[in-house]
Amino acid sequence: MTQAEPALAAAGATAAPDDQPGRDLGNGDQTAASTRERILDVALELFTDQGFDGTSMREIAERLHISKPAIYYHFASKEDILMALHMRLHEFGSTALARLAGQTVTLQTWGAVLNELLDQMLAQRKIFLLHERNQAALEKLHRKDHDDQHDDIQQRFRQALTDPSLSPRDRVRMACSLGTVFGALFMAGDAFDNLPSAELGSLIRDAVRDVIADPSA
């Protein structure tokens, strides 16, 4: 067993009924946040199943039984909804990186971070299908706040992978194990769409263990 294996083994409008966007303000921030998440969840289903271009704001509103103005209270456009869904991916990376802050990076801590990251990603697998099926629409979304956050996450991962206290062997295996997790979910979501999340997660963890295993152990 490698030092990373124990870590890997641990594995508006509320729309209703009178559909007044301003009611969210009266019901408080929690209600507004809940309505916003409901819009995103419905949009995720529609964008994934019939495509971003094939989905209208009216369809999203009808699925939620609210009016289009209620949608626009939370999102200025359909593109804003797509961007908000994409930003859920950034939350995965930011949470994982927070685990690395202030501690020495080892294969064990790296394995724990990947384990947590994989759990978060499996909980929202449809986000990766959304990306795979709507690449053209996503490529058109370039906004400074998104690009800055994306660059920051990439830079912080690079810092961990260039840590001079780690051997080249460990750093290469860390990089490859990160690719293993993202490759199975981000680049090949449709290929494994028929696998239950628990089974897919177990197979990905096995693959990560193979990547970072010590051949001399």
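Contact here means heavy atoms within 4.5 Å. With that in hand, welcome to a predicted model, in which local features need pLDDT of at least 70, side-chain atom pairs count only at pLDDT 80 or more, and totals for chains, interfaces and linings use all residues. Residues are numbered from 1 along each chain as its sequence is written, and side-chain values use heavy atoms, with hydrogens and water left out.

**Overall make-up**
- The chain holds twelve helices and zero strands, where helices (H or I, at least four residues) and strands (E, at least two) are DSSP runs numbered from the N terminus.
- Of its 217 residues, 45% count as buried, that is, under 20% relative accessible area with a 1.4 Å probe, protein chains only (exposed is over 50%, partly exposed in between).

**Thr 109**
- Thr 109 sits in helix H7 (residues 107-123) and is buried, its relative accessible area being 16%.
- Beyond neighbours within four places in sequence, Thr 109 is in contact with Leu 100, Gln 103 and Thr 104.

**The nonpolar core**
- A nonpolar core is a set of buried Ala, Val, Leu, Ile, Met, Phe, Trp, Tyr and Cys residues joined through side-chain atoms within 4.5 Å.
- The largest one has 56 residues, and Phe 47, Ile 60, Ile 71, Ile 81, Leu 85 and Trp 110 have the most contacts inside it.
- Helix H6 (residues 78-100) supplies the largest share of this core, ten residues.
- Not counting residues up to four places away in sequence, Ile 81 touches Ile 39, Leu 40, Ala 43, Phe 47, Met 57, Ile 60, Ile 71 and Phe 75.

**H7 against H12**
- H7 and helix H12 (residues 197-212) pack at about 160°, their axes 11 Å apart; axes are lines fitted to C-alpha atoms, for helices over the stretch in contact, and angles run from 0 to 180 degrees between N-to-C directions.
- That makes H7 roughly antiparallel to H12 (under 35 degrees is roughly parallel, over 145 roughly antiparallel, 65 to 115 roughly perpendicular, the rest oblique).
- The residues of this contact divide into eight nonpolar, three polar and two charged, with Ala, Val, Leu, Ile, Met, Phe, Trp, Tyr, Cys and Pro as nonpolar, Asp, Glu, Lys and Arg as charged, and the others, Gly among them, as polar.

**H8 against H11**
- The axes of helix H8 (residues 125-133) and helix H11 (residues 168-187) come within 8 Å and cross at roughly 65°, so H8 and H11 are roughly perpendicular to each other.
- Arg 125, Phe 128, His 131 and Glu 132 of H8 make the contact with Leu 185, Phe 186 and Met 187 of H11.
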